[in-house]
Amino acid sequence: MATSAETMLKVIEPATEEVLAELPHAGVEEADAAVARAKRAFPAWRDVAPGARAALMRDLAAAISAHAEDLARLEARNVGKPIADARGEMAMVAEVFNYYAGAPERLLGDTIPVAGGVDMTFREPLGVVALIVPWNFPLPIASWKLAPALAAGNTVVLKPAELTPLTALELERIALEAGLPQGVLNVVVGPGRVVGERLVAHADVAKVAFTGSTAVGRRIGALAAEHIKRVTLELGGKSANVIFADADLEAAAGSAPLAVFGNAGQDCCARSRILVERPALERFMSLLESAVASLRVGDPLDDATQMGSLISANQREQVSAYVNGESPVAIRGNAPDGPGFWFAPTVLCPVANDARAAREEIFGPVAAVIPFDGEAEAVSLANDTIYGLSGSIWTRDGARALRVARAIETGTLSINSNTSVRVSTPFGGFKQSGLGRELGPHALEHYTELKNVYIATG
Ligand code: NAD
């Protein structure tokens with residue numbers, strides 16, 4: 001790998017602005033070499049007996065658990081996220097590998113009644129798959145792709161975001177130590193426009209699984225289409241947190257701040273549009289103000305911290321542009337002074353649904369409160385967006401909760417809760433939030449090709 005000064009990448013710790021690591025920056029040659037290694041490793045990995053592949057996946061999960069604290073600290077420092085969150089994320093990464101360890105022996109096909117013989121289907125691995133992931137949840141999002149891809153018998157090239165490559169590199173080392181054969185997992189750290197696009201266009205890459213912005217997803221989708229390449233896309237969001245006047249307002253307001261400000265708002269599932277039924281608005285805002293005031297914002301490595309810093313100066317600049325006077329600032333929380341890319345949790349209210357802060361994914365700790373009158377308006381506002389990733393509904397009326405849940409155009413909804421991701425259930429977007437599903441049994445369909453075989457028995 002080239003290691004001249006121009007090709008070294010400085011990885012910054014966003015809460016301190018210090019250099020956390022320096023590492024070589026890959027280009028097209030390194031991307032091609034990683035694909036070649038993955039291609040060579042594919043036939044042997046595909047032919048590993050299902051039980052043995054399952055055992056290796058479980059070994060990998062155990063190795064991740066054994067290194068969980070170190071991985072969590074590294075992720076917390078590299079992303080600027082609270083250590084408590086990073087610990088939860090590493091536990092989830094191990095759980096994802098354990099979950100998909102069940103897959104190699106359960107990739108079942110069908111037998112289909114036909115005339116003159118027997119017809120059966122097989123789920124075949126695709127070959128080399130490229131995984132391109134963002135900086136907000138680096139290792140969890142990589143694992144959602146990596147575990148089903150490996151379980152189904154594919155080999156992988158993983159490209160982490162340049163801002164946060166460190167845990168992916170650690171995972172590559174841990175996987176080798178745990179017994180994953182050489183070449184099955186290959187991590188390449190390089191720029192999206194160069195390494196990412198090379199992987200998408202590479203003739204030996206059978207599929208691309210991408211998580212990131214809708215703009216880059218659109219570009220990757222177009223490039224993949226030129227090569228008739230399989231692609232899954234997990235993209236942006238602008239999810240609605242719909243709060244009816246009959247809801248448990250203490251619970252709804254108590255959990256609303258972290259539903260937007262968790263991960264400093266850099267969360268594709270952020271419930272960044274808080275829709276509140278007008279009769280409850282005043283009381284909700286007063287409860288929300290207390291909840292925001294009690295948020296602990298600061299040092300990511302402090303166990304009590306609930307919100308850390310933004311990822312970069314550039315991100316902070318972009319987020320600031322949304323607090324521009326177009327909508328009034330109703331609540332402003334605390335944040336440390338520099339160094340570090342800090343931004344205080346901010347609630348805008350009232351916001352019109354056609355204001356920029358309500359239409360665009362801010363990807364920072366800025367929430368827009370949008371008042372509504374009645375169920376029909378709530379549904380219409382929730383759906384008035386190009387996105388459809390996540391969302392919540394708060395009400396004590398069970399029938400209404402289900403009615404509204406069915407009417408909202410979004411991939412993952414919670415009722416009286418703000419959770420989005422569970423390892424065993426499908427996650428993904430409607431509309432411009434993406435294509436395909438991750439997690440649960442459904443993800444395996446995206447890492448296999450369906451083959452039909454007929455045997456004449458006459
Ligand atoms: P990004 O789109 O800028 O980058 C994501 C990855 O794509 C990085 O590894 C980057 O290097 C690479 N990339 C950039 N340009 C590329 C190109 N032309 N070709 C190939 N690869 C390229 O996204 P980001 O800023 O890292 O992450 C934030 C975005 O990710 C937000 O929009 C967020 O909503 C989205 N996101 C979505 C989900 C989801 O599951 N739906 C989860 C997390 C983040």
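These are my notebook entries on selected features of a predicted model.

**Entry 1. Ligand site**

I began with the surroundings of the ligand. There are 27 residues around the ligand, and the closest are V133, E197, S213, L235 and E361. For E197, a polar side-chain atom lies 2.7 Å from a nitrogen atom of the ligand. L235 comes to 2.7 Å of a ligand nitrogen through a backbone N or O atom. G192 also uses a backbone N or O atom, at 3.4 Å from a nitrogen of the ligand. I noted the cover as well: of the 840 Å² of accessible area that the ligand has on its own, the protein covers 90%.

**Entry 2. Aromatic pairs**

I searched the whole structure for aromatic pairs and found 4. One of them joins W135 and F363, with 5.4 Å from centre to centre and 75° between the planes, an edge-to-face arrangement. I located both partners in the chain. W135 is in the loop between strand 5 (128-132) and helix 5 (138-151), and F363 is in the loop between helix 12 (356-359) and strand 14 (366-372), so this pair ties together parts 228 residues apart in sequence. Both W135 and F363 are buried.

I turned next to F244 and F372. Their ring centres are 5.4 Å apart and their planes stand at 85°; because planes over 60 degrees apart count as edge-to-face, the pair receives that label. F244 lies in the loop between strand 10 (240-243) and helix 9 (249-261), whereas F372 belongs to strand 14, and the two are 128 residues apart. I checked accessibility for each: F244 is buried at 0% relative accessible area, and F372 counts as buried at 0% too.

**Entry 3. Charges over rings**

The charged end of R400 sits over the ring of F244, 4.0 Å from its centre. I also recorded R332, which lies over the face of F343 at 5.1 Å from the ring centre.

**Entry 4. The loop between strands 16 and 17**

I looked up two residues in the loop between strand 16 (414-415) and strand 17 (434-435), of which S433 is one. S433 is buried, with a relative accessible area of 0%. Setting aside neighbours within four places in sequence, I found S433 in contact with L233, E234, L235, G236, G237, I386, Y387, G388 and L389. L235 in that list is also among the residues closest to the ligand.

K431 lies in this loop too. Its phi is near 50°, a positive value in a residue other than glycine. K431 is partly exposed, at 36% relative accessible area.

**Entry 5. Further backbone features**

L439 has a positive phi as well, near 65°. I placed L439 in the loop between strand 17 and strand 18 (448-456). L439 is buried, with 0% relative accessible area.

I noted a cis peptide bond between G338 and P339, with omega about 0°. P339 is in the loop between strand 12 (329-332) and strand 13 (346-348). A cis peptide bond also joins C349 and P350, with omega about -10°. The position of P350 is in the loop between strand 13 and helix 12.

**Entry 6. L176**

Is L176 in a helix or a strand? I found L176 in helix 6 (residues 166-177). At 40% relative accessibility, L176 counts as partly exposed. Apart from neighbours within four places in sequence, L176 is in contact with P181 and Q182. I also recorded that L176 and L60, 116 residues apart in sequence, are 9.0 Å apart in space from C-alpha to C-alpha.

Technical notes:
Residues numbered from 1 in each chain as written. Predicted model: local features only at pLDDT ≥ 70, side-chain atom pairs only at ≥ 80, totals over all residues. Heavy atoms only, no water. Phe/Tyr/Trp six-rings, centres within 6.5 Å; stacked < 30°, edge-to-face > 60°. Helix = DSSP H or I, 4+ residues; strand = E, 2+ residues; numbered from the N terminus. Buried < 20%, exposed > 50% of the residue type's maximum accessible area, 1.4 Å probe, protein only. Lys NZ or Arg CZ within 6 Å of the ring centre and 35° of its normal. Contact = heavy atoms within 4.5 Å. Near = heavy atom within 4 Å. Polar contact = N/O pair within 3.5 Å; in protein donor to acceptor, adjacent residues only side chain to side chain. Areas by Shrake-Rupley, 256 points an atom, 1.4 Å probe, with all protein chains shown as cover.
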